[in-house]
Amino acid sequence: MSEPALLEVRDLRVSFKTAAGELEAVCGVDLDLAAGEVLGVVGESGSGKSVALKAIMGLLPPRARVTGSIRFRGRELLGASEREMRRLRGGRIALIFQDPLTAFNPMLTIGEQIAEMLMLHDRSLSRAQLRARTVELLELVSIPEPSSRIDQYPHEFSGGMRQRAMIAMAVANRPELLIADEPTTALDVTVQAQILDVLRDLQRELDIGLALVTHDLGVVAGMAHRVSVMYSGRIVEHAAVDDLFAAPRHPYTRALLASIPRLEGARGRLASIDGSPPSLAGRPPGCAFAPRCPMSAAVCRSERPALRPVGGSRSACHFAEQLGARTEEAQALR
Amino acid sequence: MTHYLLRRLLAMPLLLLGVATMAFLLGNFVKGDPLASILNDRQMANPEAVAAAKARWGLERSIPERYVIYVGNLLEGDLGVSFRTKRPVMRDLLDRLPATLELVISAMLFGTLAGMAIGVLAAHFRNGPVDHGARIVALIGSSVPVFWSGLIALYVFSVQLSWLPGPGRLAPALKPPETVTGFYTVDALLAGEWGTFANALSHLVLPTVMLGWAVLGIISRMIRASMLDVMQQDFITTARAKGAGTLRLLLRHALRNAMVPALTIIGFSFAYLITGAILTETVFSWPGIGSYAVDAARSLDHPAIIGVTIVGALAFLLANLLTDIAYVFANPRIRLE
Ligand SMILES: Nc1ncnc2c1ncn2[C@@H]1O[C@H](COP(=O)(O)OP(=O)(O)OP(=O)(O)O)[C@@H](O)[C@H]1O
Ligand code: SF4
Ligand SMILES: [Mg+2]
């Protein structure tokens, strides 16, 4: 019990100053991640997943106001000096983006960019050492002929190879915490599975704590230990992955599970729930999901449900106890 | 890509011929009798002298005839003889080219480097005092004509403050260094004449800044805009997520990318420099092609005017070609096609 938790986020709030006033994109989010654990973060587009995770790394633009607490191994990161954050970024905390094409600098070779990652955290490495380490890293993610590909530019790589290189770069300095923001969304369906395998193998091998943002519940089922479901800037359900699929405790989660198409090999996208989430400026006073919720009642529109323990999970729904039947769709997916 | 550059290279002689033709036609249809620039008033009154002059300068022939002869000579690199200096125009131009090149190159370097630095700073501190200051500096550079700003600069820094020397390339008391490149600064360095070098350099400062200022204005605005664009992109966040510091982000990651669209502008601003050099050389009594052009125009010295036009066009075409090549090399996505 001596070692502090890898990541402990409490009441994280992020708001942006805009022409329309100050808009809250993340409204009080708690996240916990233990070493070597995989946390799935799911939710529709605009629910605040990327903003919350960027806040952890201190990567939001200056006009974003961030409050709450973000503890990494017991150290408070909110308000930490830029110097300290720079040491952590790319060192003990690393990031993988959705689209590896735009995430690599088009003017520098893949090798230069991976070597830069190494060099930024260990200035003593010689040119030759950097190159050797970079080749090793490309080998680690199974890029063929790494010693020649190292000198190629991002546009000369295929999408899958680029994302492998991105993963290699992210793990270059053996991070303890890895944030992967939809690492496969931009890729062909056929290579998605390969990339996830690479990511999972490395996560296990290096015992990395992984926060995995995804739209794909199949990915969550196959990789995550625990899942946080976000809706309109809040976490509406948090559960162990088996519990989530077996007994979803929130109507939104249920809708997500029900929306998974049961076609052979197709992966579930979350966009297929009727209606759309409220805009940041137009959140209803009670439960943000009320306008779309089949179970909504008067209380839902006046009182916001708090996230509270229900069974082994936590749910933010007034009627959480009445939910819990295992859906057929979820069964089919598992 | 090599194909494209090759085509551009092959098109150059044709373009030059076009320019020479235009210059020839304009030169022959403007009002004003070129004889007036060859002969003085008394000679003009003497029909014999006029006829002799016409024969000597080929003016008795028809315009098409003159054109054919002109182009034929042009192909041999002969630009004819100046009415005014009575020397081959080619000789005159070659003598004066180094002075102009020295000025234009240093103005180009100054404008580009200072413009890039100011553009990067303005983008980094956008909407702050630095950005507003940069905007004003750029605006002055691209809107105030050189003949005016040049005169003011001479008055302030040379006459009033005596920080910098007045017009010319070198103090009259000094002997120009032995010609190697024709650039006084470089030649003085090569000869190890430090005093001459310092003097030539100090003469170069004001015309360089005044001529380069407009380039600085254009380039700083362009770099600012494309920096702001690039700074929004994912790979900048990636670089930050790697732990890169501000300077590394700005220079290694952002500026490199922002340079690509700015390169085209650098090529364009070279065209500005060619015309701007004419005014600058006049204001600063700089003995280059620009002031030669002004003298030629004043005295209706047709061969010289056409010669200058061709040199200007050639410089413009070369600058554009170099820009294209730089553009290709700066951008791996195009270079590797
Ligand atoms: N820099 C910003 N300025 C203003 N608003 C922002 C900014 N970044 C994000 N937002 C807003 O915050 C909200 C949450 O965005 P976020 O990118 O976190 O969503 P997401 O859950 O990651 O969605 P997606 O699945 O599409 O990636 C959105 O409404 C977005 O418009
Ligand atoms: S609180 Fe009401 S509206 Fe919100 S999810 Fe639960 S039932 Fe639906
Ligand atoms: Mg996102």
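**Helix α7 of chain B.** I began with the length of α7(B), residues 129–143: at 1.5 Å a residue its 15 residues should span 21 Å, and the end C-alpha atoms lie 21 Å apart, which agrees. The expected span here is 1.5 Å times one less than the number of residues. Helices (H or I, at least four residues) and strands (E, at least two) are DSSP runs, numbered from the N terminus.

A note on what I am looking at: this is a predicted model, where local features need pLDDT of at least 70, side-chain atom pairs count only at pLDDT 80 or more, and totals for chains, interfaces and linings use all residues. Residues are numbered from 1 along each chain as its sequence is written, chains are lettered from A and ligands numbered from 1 in the order written, and side-chain values use heavy atoms, leaving out hydrogens and water.

Which residues of α7(B) are buried? I found B:Asp131, B:Ala134, B:Ala138 and B:Gly141. Buried means under 20% relative accessible area, exposed over 50%, and partly exposed in between (1.4 Å probe, protein chains only). Seen down the axis of α7(B), the buried residues fall within an arc of 90 degrees, so they line one face of the helix; the arc is taken over directions from the helix axis to the C-beta atoms. They pack against α6 and α10 of chain B, with contact meaning heavy atoms within 4.5 Å. Turned away from that buried side are the exposed B:Pro129, B:Ile136 and B:Leu139.

**The α6/α10 pair.** Next I looked up α6(B), residues 89–124, and α10(B), residues 194–231: their axes come within 5 Å and cross at roughly 35 degrees. Axes are lines fitted to C-alpha atoms, for helices over the stretch in contact, with angles from 0 to 180 degrees between N-to-C directions. The residues of this contact divide into 20 nonpolar, eight polar and two charged. Nonpolar covers Ala, Val, Leu, Ile, Met, Phe, Trp, Tyr, Cys and Pro; charged covers Asp, Glu, Lys and Arg; the others, Gly among them, are polar.

**Helix α11.** Six of the eight residues of α11(B), residues 234–241, are buried, so the helix is largely enclosed by the rest of the structure. Among them are B:Phe235, B:Ile236 and B:Thr237. What do they pack against? I noted partners in chain A, including α1 (49–57) and β6 (93–96), together with α10 and α12 (246–283) of chain B. Just after α11(B), B:Gly243 takes a positive phi of about 100 degrees.

**Whole chain.** Chain B has 15 helices and zero strands, and 46% of its 337 residues count as buried.
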